[in-house]
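Welcome! Here is a short tour for someone meeting this structure for the first time. Please keep the view open as you read.

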Amino acid sequence: ITVGGTAVSSIVSNTGTVLTVIPATGSSGTVSVTNGSTVTYGTYTVNAVPVITSVSMGAQTVCSGITASALSISATAGSGNISTYQWYSNTTASNSGGTSISVANAASYTPPSSTVGTTYYYCVVFNSNGCSSTSAVSGAVTVTSPPTASTNGGNISSCKGTTTVALGGNTPSVGTGTWTCTAAPVGGSTSDITFTSASTGNTTAIVSASATAGDYTLTWTIASSGCTSSTSSLTLTVNAAPIITSVAMSGQSACTGGSLTALSISATPGSGSISTYQWYSNTTASTSGGTSISGATSASYTPSAATVGTSYYYCVVTNSVTCSATSAVSGAIVISNSATTPTATIATLVGGTSFTANWNAVSGATGYYLDVSTSSTFASYVTGYNNLSVGNVITYAVSGLTQNLTYYYRVRAYNSCSRSEE
């Protein structure tokens, strides 16, 4: 066997009536078969397939309804000339088993973006001799749904020093959301505002203690890959609390029914204007847990001296944007009762010139006066024992007396408010 005048020693297949040989690609000529003295001749032409020289078919993600980037190839005919291109779509990353795309017959093809999902593409190139070559499969072309429209719940406000404030962003059905602080007032920083969970619409904003009073912009962004994000912004107004600049709230003492000096504070509003003062009373020296005093709503307050006991006071100042500041607690306000009359009891340790006077203690007394007389009407007094202050005791040794005389004694209690009756 000779092909084009060249002997061929390898017979690819022999069925008995058909001898198959493979000549070189792109060659043409005569096939001669010699069988004894008989020579049989035939002509052949081997046509080259198209050669795909380059492809531009990388992966891409595109939003539904937005035009995707075109896929394209470059190819040479191999033999003859290129007669057509045919593009195919596939659900898997394979260049076989795809579905022919109608009228997709050029060197480039723009994938549709009307249907959400992932599709792969490839192209078969044909030449005029009926030969073809198939491109590699494209990268994944992913069509995504546009994100849910962002809503943020509206503008909010917070008082400086407040730790958190609730946000009202919506929960996306498509895409993922992110809160960011995108603008700050002069002197402030976007880092003044952080979030408990920035990816949750109804999270809380955390206001730094160092935040500047003014308007911060918070933005709720919902993003879906390949699509334009949906954003909405709100204003978080950080208001300054009132500043208490001075206080006059020293401790005082008075008797029941007496008078006390007014307690007072001075304050600036911080933001807005001062809307109210509210005074509180407390049984302990604390600015929490007190009882609101009805009608005590000005910058000064005069405590009542109607009830015996010790009380403390403080004032909460609130401005027109509902921010408040609490004063320090006052000093102790002590209201004492008038002293009651003690009862003298039997003398003890009676000696020739002395005895010990005794009496019962009475509530509210800070001391006692002792009188000693030889008259039951106390018409006169033993020297040194007329209205003698003996201190806050309930016994006192009386001495320097004369033997064989009868003595009488009486006791009166006293405190800062009064002296008891005899």
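The torsion about the S-S bond of cysteine 63 and cysteine 227 is about 95°, so this disulfide is right-handed. A disulfide here is a pair of cysteine sulfur atoms within 2.5 Å, and the structure holds two of them. This is a predicted model, in which local features need pLDDT of at least 70 and side-chain atom pairs count only at pLDDT 80 or more, while totals for chains, interfaces and linings use all residues. Residues are numbered from 1 along each chain as its sequence is written, and side-chain values use heavy atoms, leaving out hydrogens and water.

**Disulfides and other cysteines**

- The sulfur atoms of cysteine 63 and cysteine 227 are 2.0 Å apart.
- Cysteine 63 lies in strand β8 (residues 60-63) and cysteine 227 in the loop between β21 (214-223) and β22 (230-239), so the pair ties together parts 164 residues apart in sequence; strands are DSSP runs (E, at least two residues), numbered from the N terminus.
- Cysteine 63 and cysteine 227 are both buried, where buried means under 20% relative accessible area (1.4 Å probe, protein chains only).
- Cysteine 159 is joined to cysteine 323 by a disulfide, S to S 2.1 Å.
- The link of cysteine 159 and cysteine 323 is left-handed, with -95° about the S-S bond.
- Cysteine 159 and cysteine 323 are buried.
- Cysteine 181 counts as buried at 12% relative accessibility, and cysteine 315 is buried at 0% relative accessible area.

**The nonpolar core**

- A nonpolar core is a set of buried Ala, Val, Leu, Ile, Met, Phe, Trp, Tyr and Cys residues joined through side-chain atoms within 4.5 Å.
- The largest such core has 18 residues, and those with the most contacts inside it include Phe355, Leu370 and Val372.
- Strands β33 (355-359), β34 (367-373) and β37 (408-414) each supply at least two residues of this core.
- Leaving aside neighbours within four places in sequence, valine 372 is in contact (heavy atoms within 4.5 Å) with residues including Phe378, Tyr385 and Val398.

**A buried serine**

- Serine 330 sits in the loop between β30 (324-326) and β31 (333-336).
- Serine 330 is buried, with a relative accessible area of 4%.
- Not counting residues up to four places away in sequence, serine 330 touches Met249, Leu263, Tyr312 and Tyr313.

**A charge over a ring**

- The charged end of arginine 410 sits over the ring of phenylalanine 378, 4.3 Å from its centre; this term requires NZ of Lys or CZ of Arg within 6 Å of the ring centre and within 35 degrees of the ring normal.

Technical notes
Buried < 20%, exposed > 50% of the residue type's maximum accessible area, 1.4 Å probe, protein only. Helix = DSSP H or I, 4+ residues; strand = E, 2+ residues; numbered from the N terminus.
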